[in-house]
Amino acid sequence: MSEVESKQAQPMLSLRDIRKSYVMGDQVVNALDGVDIDIYPGEFVAIMGPSGSGKSTLMHIIGCLDAPSSGSYLLDGIEVAEMDDYELANVRNKKIGFVFQGFNLLARTSAQQNVELPLVYGRRKDRAERAIAALEKVGLGNRLDHKPNQLSGGQQQRVAIARALASDPLIILADEPTGNLASLQSEEIMQIFQELNDEGITIVMVTHEPDIGKHCKRTVTIKDGRLLRDELVENRVMAADVLVEMRQEHDLLHTA
Amino acid sequence: MNIFECMRVAIRGLISNKMRTMLTMLGIIIGVAVTILVVAIGEGASARVQQTVADLGTNLLTIWNGPPSMHIAPAAALAASSGTSATSSNGVPVPPQAPNRLTLQQAEFIQQNFKQTVAAVSPIIRGNVQIRMGGTNATTNLQGVETTYPFVNNASVELGSFFTQSDVDGNAKVCVVGETVVNNMTGSPYTNVLGRSIYINKQEFKILGVLTPKGTGAWGQDQDDVILCPITTAMHRILHRNLTVDFMGVRCTSVKMMPLATQQIASYLRVEHHLQPPFPQNDDFEIHSATEILQRQQSITGTMTTLLSIVAVISLVVGGIGIMNIMLVSVTERTREIGIRKAIGATPRDILLQFLIESSTISLLGGIIGIALGVTGAVILAKVGGWNVIVDPSSVVAALVVSAGVGVFFGIYPASKAAGLHPIEALRFE
Ligand SMILES: Nc1ncnc2c1ncn2[C@@H]1O[C@H](COP(=O)(O)OP(=O)(O)O)[C@@H](O)[C@H]1O
Ligand SMILES: [Mg+2]
């Protein structure tokens with residue numbers, strides 16, 4: 001980590017003593033219990049941990065979708081707690097691309113229109129070109145007019161990634177993006193993320209699968225709302241290699 | 001997101017839910033349709049009355065039988081008097097009548113003695129009669145009149161001539177017919193019927209002339225469905241009501257003389273009918289001027305407009321509440337969608353606008369459908385019912401503005417509810 005830190009002076013995200021508690025009746029759940037993380041431009045971070053450990057809660061705070069109960073969060077050097085609803089909407093629109101486990105595409109709306117949506121809210125003029133370029137980047141240039149129910153889970157998630165990419169965000173946040181997908185499709189999604197990261201886009205994703213975590217450059221493990229481990233990935237898995245293997249196996253099965 | 005895109009999204013949503021959309025719009029549709037239709041009828045009626053008054057001239061007075069309490073409107077009085085004669089000839093007990101009736105002698109007296117104020121008097125007796133010509137039968141309105149009729153009532157004959165004083169003196173069986181009668185009897189309004197015979201209640205009359213068409217009257221009646229004959233003939237040979245008349249038209253020498261003429265005629269009739277004060281409560285006659293009819297019609301229109309406005313407001317409010325209800329359902333159904341939109345950068349104002357545009361699109365569409373129905377109804381009334389209706393463009397514009405306004409007003413609460421949703425809670429909503 002110190003190796004990364006030395007490369008970049010200013011972190012892109014800086015969380016200090018972030019806490020989030022939910023009151024359920026007379027019970028208080030501390031979903032996050034004092035988290036400190038710095039993430040620098042160009043990083044590819046996996047947030048890992050068992051179910052209920054607070055991963056989603058953390059991602060929502062990083063994604064400016066939810067506010068922490070206390071603590072400081074600097075995004076690109078700006079304190080998020082001081083932003084109003086309109087500034088938060090603008091940050092979500094321009095600086096962050098969020099990918100959900102359940103895709104969260106608008107039903108009965110074509111892939112292209114889904115990808116254009118953030119550009120519409122960002123009042124971008126060139127949204128058709130940008131949307132088409134983003135869909136081509138995730139390999140769906142030939143599915144522009146397909147509705148979500150006409151696409152496979154993996155394809156829907158790629159539309160969601162294209163939507164997250166469309167407005168050139170600083171960072172892509174993905175909460176269990178492969179959680180609803182079969183292994184081949186998961187691998188395809190990880191390949192896209194690795195390519196994007198190679199192009200310089202910062203990515204933070206949540207996963208509870210160690211295999212998926214191995215595709216990233218750094219893993220942060222949390223448990224019961226606290227940071228447990230923060231380590232660089234050794235023997236990083238490249239999705240492109242895995243996919244070649246998987247396809248060979250697939251071909252063997254079918255020729256045999 | 002711009003307005004047109006919001007509208008497109010809204011309309012797409014509405015089309016995918018046709019039945020619900022229709023039911024939601026119903027209140028607005030009814031409110032707007034009724035408003036458009038009734039305003040069109042009101043405008044048409046008042047234009048017609050103004051036209052009638054202009055046709056008759058403003059210096060015309062009419063004198064009617066009966067105390068004021070018996071009269072709702074002159075038209076109602078006419079219906080009552082013709083109904084009375086019908087029942088009496090059937091031997092059914094006659095309902096109580098006004099004690100004194102206007103008579104021919106009184107008409108003659110007014111004509112002769114108030115020369116300074118009165119130019120001419122046209123007493124009229126009327127009743128429904130059976131007519132036959134060739135093999136064709138019909139009923140029509142027979143009016144027994146004096147030779148003063150054309151002058152007093154701004155009427156004229158288009159073909160042939162009016163009957164003369166000697167026809168009146170001799171109870172002659174001659175008549176002048178309206179164009180509708182010609183049409184009903186011969187199948188065409190242009191048939192030459194001069195000199196031909198027509199049977200009125202089985203008695204043969206000779207047709208002397210055809211009246212210049214007058215069209216539809218102030219109360220929607222066909223003014224050309226009429227036969228005029230000498231008043232004496234009508235009294236003695238057809239209607240058998242000796243010397244009493246139904247009403248008189250009085251053409252004054254000028255508009256300025258009308259108050260004096262009214263006063264002179266009233267004083268004369270009070271003496272003649274042996275009436276006791278107080279007046280005008282104890283009068284058994286009524287004197288109206290054409291301008292009074294105009295005023296009366298305007299006050300009826302005013303009352304109608306008030307009632308209509310209440311109906312319209314109620315149905316628009318009901319419609320608006322329906323829209324609010326459906327928008328609340330829509331916000332709940334689309335909570336996840338709202339969450340998604342917020343997660344990718346929609347501001348509260350974007351969401352607010354989206355739902356406001358949606359609600360006003362519903363009500364605007366309802367308004368447009370309502371206008372279409374109202375105008376169609378007006379056209380049908382005009383074509384089929386022969387009503388005079390005028391669809392005022394400003395009422396159409398007002399209906400559009402009001403219906404859009406209803407959508408905005410009743411959309412504010414659901415839309416601000418949507419705009420205030422928390423993104424994560426909205427996304428978690430099932
Ligand atoms: N809206 C909420 N209300 C109450 N408790 C919540 C809410 N959201 C999350 N929690 C609780 O916070 C803890 C962390 O949840 P989450 O961040 O979703 O975990 P993970 O994503 O790691 O599975 C869990 O115990 C969960 O029950
Ligand atoms: Mg989670």
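A cavity, on a 1 Å grid over the protein atoms alone, is a set of points where a 1.4 Å probe fits but cannot get out, and lining residues have an atom within 4 Å of a point. Grid points are joined across faces, edges and corners, and a volume is the space filled by probe spheres set on the points. Rolling a probe the size of a water molecule over the atoms shows where empty space is left.

Some housekeeping. This is a predicted model, where local features need pLDDT of at least 70, side-chain atom pairs count only at pLDDT 80 or more, and totals for chains, interfaces and linings use all residues. Residues are numbered from 1 along each chain as its sequence is written, chains are lettered from A and ligands numbered from 1 in the order in which they are written, and side-chain values use heavy atoms, with hydrogens and water left out.

Back to the cavity. The count is one cavity of 30 Å³ or more, and the largest cavity holds about 70 Å³ of space. Which residues line the largest cavity? From chain A they are A:Arg92, A:Asn93, A:Ile96, A:Gly97, A:Phe98, A:Pro118, A:Arg163, A:Ala164 and A:Ser167, and from chain B they are B:Ala343 and B:Ile344. Elements giving two or more residues to this lining are α3 (85-94), β6 (96-99) and α6 (153-165) of chain A. Helices (H or I, at least four residues) and strands (E, at least two) are DSSP runs, numbered from the N terminus. With three residues, β6(A) gives the most to the lining. By class, the lining has six nonpolar, three polar and two charged residues; Ala, Val, Leu, Ile, Met, Phe, Trp, Tyr, Cys and Pro count as nonpolar, Asp, Glu, Lys and Arg as charged, and the others, Gly among them, as polar.

Next, the rings. Rings of Phe, Tyr and Trp (its six-membered ring) pair if their centres lie within 6.5 Å; planes under 30 degrees apart count as stacked, over 60 as edge-to-face and the rest as tilted. Over all chains there are eight aromatic pairs. One of them is the stacked pair of B:Phe109 and B:Tyr268, at 4.2 Å centre to centre and 5° between the planes. B:Phe109 is in helix α4 (residues 104-113) of chain B and B:Tyr268 in helix α9 (residues 258-272) of chain B, so the pair links distant parts of the chain, 159 residues apart.

Buried or partly exposed, for B:Phe109? Buried means under 20% relative accessible area, exposed over 50%, partly exposed in between (1.4 Å probe, protein chains only). B:Phe109 is partly exposed because its relative accessible area is 34%, while B:Tyr268 counts as buried because its value is 12%. A second pair, B:Phe162 and B:Phe163, is tilted, at 4.5 Å and 35°; both residues are buried. B:Phe109, B:Phe114 and B:Tyr268 form one aromatic cluster.

Finally, single residues. A:Asn104 has a positive phi near 50° and lies in the loop between β6 and α4 of chain A. A:Asn104 counts as buried, at 7% relative accessibility. A:Asn235 also has a positive phi near 50°, in the loop between β10 (226-232) and α9 (239-255) of chain A; A:Asn235 is exposed, at 70%.

Technical notes: On a 1 Å grid over the protein atoms alone, a cavity is a set of points where a 1.4 Å probe fits but cannot get out, and a pocket is an open set with protein on both sides within 12 Å along at least five of seven lines; lining residues have an atom within 4 Å of a point.
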